[in-house]
There are 2 protein chains.
Amino acid sequence: MTENFERVALIGLGLIGSSLAHAIRQRKIAGHISGYARSEATRRKAAELKLADSIHQSAADAVRDADLVILCSPVGTYGALAQGIAPALKPGAILTDVGSVKAAVVRDVLPHLPQGVSFIPGHPIAGTEQSGPESGFAELFINRWCILTPLPDADPSAVEKLVKFWQDCGSNVEIMTPEHHDLVLAITSHLPHLIAYNIVSTAADLEEVTDSEVIKYSAGGFRDFTRIAASDPTMWRDVFLNNKEAVLEMLGRFSEDLSALQRAIRWGDGDMLFNLFSRSREIRRSIIAAGQDTAAPNFGRGVPKTQ
Amino acid sequence: MTENFERVALIGLGLIGSSLAHAIRQRKIAGHISGYARSEATRRKAAELKLADSIHQSAADAVRDADLVILCSPVGTYGALAQGIAPALKPGAILTDVGSVKAAVVRDVLPHLPQGVSFIPGHPIAGTEQSGPESGFAELFINRWCILTPLPDADPSAVEKLVKFWQDCGSNVEIMTPEHHDLVLAITSHLPHLIAYNIVSTAADLEEVTDSEVIKYSAGGFRDFTRIAASDPTMWRDVFLNNKEAVLEMLGRFSEDLSALQRAIRWGDGDMLFNLFSRSREIRRSIIAAGQDTAAPNFGRGVPKTQ
């Protein structure tokens, strides 16, 4: 693999930023990695882990001379960051991001950018429930999809270079509009997280059932929800504040459907329940067939290898 | 380990029945296993897998001479089964079950039973999203909790024998009332399943987002829900029909909480979102500390061992 970029700047060194650092190193994607993190503690940890060749106290310093700049912090920080780095961006540089919403990112970042910088929003559909510079690993992006949402006037050769970057990280790349991205992710990611956070909160507030009972008997299904509900609160606050319309639309549909299920339970409509429950296995099978989840029962937890 | 029971009868040979068969064999818990399954196909498969020493076409034949009889079919079948096996139950036998609801099981089973049979309802909090006689494995119950809900007049020595049975299978045992069980499981298991089935259904019905997009980008969180939504539809229909009150109560609280979250998103109340999202990590940590889930990020899917 030849080096696609001379210098890459990672703005934000949490789970995604640090995973990119590992992947870029392992796969020799760039000659030099410069890194920026807002907090002193993260910068120190990142230095200790040798995540970057140079670590900077200012984002502007980190992006100077970089051919590729990747925003890897919560999307709520992008506007101020873009404003801060704009004067330091090299002409011809590619600026991208990894944020979970895309229309709001275009709205916040684009107005600050100088001519001659190619801004191509992006979103790798990859992550774990962990966060921070020590949570990253090079394999995070392998066999995951990365969505790019280039604007209509994007430079095709810059898009091509960014596609290759993500392929070099092990991902498949798909191109769509920011608006369609936000709708797709509202159902495949944002609503699942919202529901998971919500049920954990509902369970914690019960009076008749203690927290210790919820924890003891969580293997009945609840534990699965606690994993995604352990994701980074700042990141997810910013997602919901910045994809309001699509999330509210999906939430409206979800609540309507849930009311219909509630009614079926109240009236004892077993056929309705059975038919709805029977539809779901096919989608699970397709997700496994598409390589997007493990076929092992219980995600492989506590199940012998021979199963 | 000495054999606790001479003959155990397994009524139903799906995931739980077949797992019990494997566990009883492997841990030498009983001298003889007799099995019953409603369908010819399951009986044939069970015979092929040698799940039982004798396999019967009638449940009454299977329970004859058994010291321990375990109902392992969907809870909707228990009333008719109890009626059918009652005349064949051996005096002094213990009758138990593995159903996910308990008050309805007492209601359906108890009226049919003869004097001299100890009925002790039970529920192992263990399972996978798979079903059928080939899905079982001996380790399913290890480190899981099994809840017993003996009636006030239960014979203590019978309860003690059943406690030992589940401990021999690798489980921890807790005793509570059927009503409290149904409330606890409504939040830790029934509501999570209902929500998972519901979001998969909502996603499948969208017009603007295709099923293939939902599948491709499911690693954003959605895939986790599809696992429990792939559980057995008959079993889950029967759970919701038989734990109506507790499920409706939990569902009401969940929906109220979700409306508050929806309002916070609509009005851009970032502090409310952040505070609610921040509460969840502690519960996840407690579940891992209690040995009820893996600490590996992403349940260990696609994460290198060194992480």
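Predicted model: local features only at pLDDT ≥ 70, side-chain atom pairs only at ≥ 80, totals over all residues.
Helices and strands here are runs assigned by DSSP, helices with at least four residues and strands with at least two, numbered from the N terminus.

Six of its seven residues are buried, so β1(A) is largely enclosed by the rest of the structure. It has a partner on either hand. Six bridges join β1(A) to β2(A), and the two run parallel; within this pairing, R7(A) sits opposite H32(A). Strand β4 (residues 68-71) of chain A also pairs with β1(A), again in the parallel sense, over four bridges, and here V8(A) has L68(A) as its bridge partner. Getting from β1(A) to β2(A) takes the chain through helix α1 (residues 15-26), and the three elements make a right-handed β-α-β unit.

Stepping back, these strands belong to an open, parallel sheet of six, in the order β3-β2-β1-β4-β5-β6 of chain A. The edges are taken by β3 (54-56) and β6 (118-119), each with a single partner strand, so one side of each is left without a neighbour in the sheet. For β3(A), three bridges make the parallel link to β2 (residues 30-36) of chain A, with G35(A) and I55(A) as bridge partners.

Two loop residues of chain A have backbone angles worth a look. K50(A) lies in the loop between α2 (40-48) and β3, and its phi is near 55 degrees, a positive value in a residue other than glycine. K50(A) has 11 C-beta neighbours inside 10 Å, so it counts as exposed. Further along, in the loop between β7 (122-124) and β8 (145-148), comes N143(A). This residue is not a glycine either, yet it has a positive phi of about 65 degrees. N143(A) counts as partly exposed because it has 14 C-beta neighbours inside 10 Å.

Over in chain B, K45(B) is found in helix α2 (residues 40-48). It has 17 C-beta neighbours inside 10 Å and therefore counts as partly exposed. Setting aside its neighbours within four places in sequence, K45(B) is in contact with P133(B) and E134(B). P133(B) is 88 residues away from K45(B) in sequence, but their C-alpha atoms are 6.8 Å apart in space.

Another stretch of chain B is built around helix α6 (residues 156-168). This helix has 13 residues and reaches 18 Å from its first C-alpha to its last, close to the 18 Å expected at 1.5 Å a residue. Its buried residues are A158(B), L162(B), V163(B), F165(B), W166(B) and D168(B). Among the elements covering them are the strands β4 (68-71), β5 (94-97) and β8 (145-148) of chain B. Just after the helix, G170(B) takes a positive phi of about 105 degrees. The strands on either side of this stretch, β8(B) and β9(B), pair in the parallel sense over four bridges, and C146(B) has V173(B) in β9(B) as its bridge partner. The chain crosses from β8(B) through α6(B) to β9(B) in a right-handed β-α-β crossover.

That leaves the way the two chains meet. In all, 95 residues of chain B are in contact with 95 residues of chain A. On the chain B side, the elements giving two or more residues are α7 (178-204), α8 (211-216), α9 (222-228), α10 (233-242), α11 (244-266) and α12 (270-289). The largest share, 19 residues, comes from α7(B). By type, this side divides into 50 nonpolar, 26 polar and 19 charged residues.

One of these helices, α10(B), is mostly covered, with nine of its ten residues buried. Among those buried are P233(B), M235(B), W236(B) and F240(B). The buried residues of α10(B) pack against elements of both chains: α11 and α12 of chain A, together with α5 (103-109), α7 and α11 of chain B.

How are the two copies related? Chain B can be laid on chain A with an RMSD of 0.0 Å by a turn of 180 degrees and a shift of 0.0 Å along the axis. That is the relation of a two-fold axis. Of the interface residues of chain B, 100% are also interface residues in chain A, so the copies meet through the same surface.

Conventions: Residues numbered from 1 in each chain as written. Chains lettered and ligands numbered in written order. Expected span 1.5 Å × (residues − 1). Buried ≥ 20, exposed ≤ 12 C-beta atoms within 10 Å, placed from the backbone. Contact = placed C-beta atoms within 7 Å. Nonpolar A, V, L, I, M, F, W, Y, C, P; charged D, E, K, R; others polar. Least-squares fit on C-alpha atoms with pLDDT ≥ 70 in both. Pairing = 2+ DSSP bridges. Right-handed = clockwise from strand over helix to strand, strands pointing away.
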